[in-house]
Amino acid sequence: MWKYYYYNGKLEKEGYYKGRKPEGLWKFYKYGRLGREGNYKGGEREGLWKYYDRWGDLKRAENYKGGERHGWWKYYYYSGKLEKEGNYKGGEGEGLWKFYKSGSVERVGIKKGGEEKGMWKNDDRWGDVKGSRKQKGGL
């Protein structure tokens, strides 16, 4: 295991190498706490990566394949409540995406090639539909 330290002596990151490329689990530290962690395969991000704020609370959960965004991602507000979630494929937003406010779904729709497509539904804080709009170039 390789360990790197900041000038002040605190741990900066730790992980393994295969040849000259990062391999397996790596952990990165900030403010004296775990800031992010995830796996490398052949020097590229692979699988689940987690990012934490300075208090150690989860801020993002991301998935990668061959170093590109791929799979389900979740983002969290500082309160710990879900902010948004959606799917990536080949590095671009693809498929269902949901945006939350006050713990409830506020907006939901489909992304294709990283852009909003088709009909997007907007809800008020009680879950009632308050509007929808069709995006240019929709499905």
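Biologist: Is Met 1 buried or exposed?

Modeller: This is a predicted model, in which local features need pLDDT of at least 70, side-chain atom pairs count only at pLDDT 80 or more, and totals for chains, interfaces and linings use all residues. Residues are numbered from 1 along each chain as its sequence is written, and side-chain values use heavy atoms, with hydrogens and water left out. Buried means under 20% relative accessible area, exposed over 50%, and partly exposed in between, with a 1.4 Å probe and protein chains only. Because its relative accessible area is 52%, Met 1 is exposed.

Biologist: Which residues does Met 1 touch, not counting residues up to four places away in sequence?

Modeller: Met 1 belongs to the segment before β1 (2–5); strands (E, at least two residues) and helices (H or I, at least four) are DSSP runs, numbered from the N terminus. The C-alpha atoms of Met 1 and Glu 14 are 6.8 Å apart, although 13 residues separate them along the chain. With contact defined as heavy atoms within 4.5 Å, and residues up to four places away in sequence not counted, Met 1 touches Glu 14, Gly 15 and Tyr 16.

Biologist: How many helices and how many strands are there in the protein?

Modeller: From the N terminus on, the elements run β-β-β-β-β-β-β-β-β-β-β-β-β. Contacts between residues 24 or more positions apart make up 2% of those with a separation of 6 or more. The counts are 0 helices and 13 strands.

Biologist: Which element has the lowest mean pLDDT?

Modeller: pLDDT is the predictor's confidence in each residue, from 0 to 100. The protein averages 90, and 88% of the residues score at least 70. Among the elements, β5 has the highest mean, 98, and the lowest, 54, belongs to strand β13 (residues 129–134).

Biologist: With which side chain does the side chain of Tyr 52 make a polar contact?

Modeller: Tyr 52 is in strand β5, and its C-alpha atom is 4.9 Å from that of Gly 35, 17 residues away in sequence. Beyond four places in sequence, its contacts include Leu 34, Gly 35, Arg 36 and Glu 37. A polar contact is a pair of N or O atoms within 3.5 Å; within protein, one must be able to donate a hydrogen and the other to accept it, and residues adjacent in sequence count only if both atoms are side-chain atoms. At 2.6 Å, the partner is the side chain of Glu 37.

Biologist: Which side chain of opposite charge is nearest to Glu 85?

Modeller: Glu 85 lies in strand β9 (residues 82–89), and its side chain makes a polar contact of 3.0 Å with that of Trp 72. A salt bridge is a side-chain nitrogen of Lys or Arg within 4 Å of a carboxyl oxygen of Asp or Glu; Lys and Arg count as positive and Asp and Glu as negative, while His and the chain ends are not counted. Glu 85 is buried yet has no salt bridge; at 4.1 Å, the nearest side chain of opposite charge is Lys 74.

Biologist: With which residue does Glu 94 form a salt bridge?

Modeller: The structure holds 5 salt bridges, one of them between Glu 62 and Arg 60 at 2.5 Å. In that pair, Glu 62 counts as buried at 2% relative accessibility, whereas Arg 60 counts as partly exposed at 29%. Glu 94 lies in strand β10 and its partner in strand β11, so this pair ties together parts 18 residues apart in sequence. With the closest N and O atoms 3.6 Å apart, the partner of Glu 94 is Lys 112.

Biologist: What is the phi of Tyr 31?

Modeller: Most residues other than glycine have a negative phi. Tyr 31 sits in the loop between β3 (21–30) and β4 (33–41) and counts as exposed at 52% relative accessibility. Although Tyr 31 is not a glycine, its phi is positive, at about 55°.
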